[in-house]
Amino acid sequence: MRRGHFLLALLLLAAVGSALWLLLRPSTAHPVARISLDGTLVEEIDLEAVEAPRSFSLEGVGGLTNTIQVEPGRIRVSEAACPDQICVHQGWISDRTAPIVCLPNRLIIEITGGGEALDAAAG
């Protein structure tokens, strides 16, 4: 009976240790915005390194343009020449939860690094 208790205590200790390691480990990667146009990486921006707001425009397929605004820790599409404006209405992003996508211009802005992404949706 003692051997069973010892194995159970050892398993419990290993489970608690693993849970603590997962919860308390530091995030080493900075959040980086990866901007792709028509499948080609255009720019990577370390959002923690941004010190002052800036904006720039990208011209895509067919001459459509998107104006991208970057501030410390976040990024958005502030203006777009596309008809539906979904990318503009999405607003600021600062984590890996959801990328910004402009289908008419074939623009994707996604965040990599900077902690864990959500792995399930709550309803």
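Modeller: With the exposure classes: buried means under 20% relative accessible area, exposed means over 50%, and partly exposed is in between. Arg-74 has 31% relative accessibility, so Arg-74 counts as partly exposed. Keep in mind that this is a predicted model.

Biologist: Which residue forms a salt bridge with Arg-74?

Modeller: A salt bridge needs a side-chain nitrogen of Lys or Arg within 4 Å of a carboxyl oxygen of Asp or Glu. For Arg-74 the partner is Glu-71, with the closest N and O atoms 2.8 Å apart. Glu-71 is buried, because its relative accessible area is 19%.

Biologist: How many salt bridges does a search of the whole structure find?

Modeller: Four. One of them joins Glu-44 and Arg-34, whose closest N and O atoms are 2.4 Å apart. Glu-44 lies in strand β2 (residues 40-46) and Arg-34 in strand β1 (residues 32-37), so the pair ties together parts ten residues apart in sequence. Glu-44 is partly exposed at 44%, and Arg-34 is partly exposed at 26%.

Biologist: What does Glu-43 form with Arg-54?

Modeller: A salt bridge, with 2.7 Å between the closest N and O atoms. This pair links distant parts of the chain, eleven residues apart: Glu-43 is in strand β2 and Arg-54 in strand β3 (residues 54-59). Glu-43 is partly exposed at 25%, as is Arg-54 at 36%.

Biologist: Which residues make the nonpolar surface patch?

Modeller: Phe-6, Leu-7 and Leu-10 make a patch of about 310 Å². Leu-7 sits in helix α1 (residues 2-24) and, at 44% relative accessibility, counts as partly exposed.

Note on methods. Residues are numbered from 1 along each chain as its sequence is written. This is a predicted model: local features need pLDDT of at least 70, side-chain atom pairs count only at pLDDT 80 or more; totals for chains, interfaces and linings use all residues. Side-chain values use heavy atoms; hydrogens and water are left out. Patches are made of residues with over 30% relative accessible area and no salt bridge: like charges are joined within 9 Å, nonpolar side chains (Val, Leu, Ile, Met, Phe, Trp, Tyr) within 5 Å. Accessible areas come from the Shrake-Rupley method with a 1.4 Å probe; for residues, only the protein chains shown count as cover. Helices (H or I, at least four residues) and strands (E, at least two) are DSSP runs, numbered from the N terminus. Buried means under 20% relative accessible area, exposed over 50%, partly exposed in between (1.4 Å probe, protein chains only).
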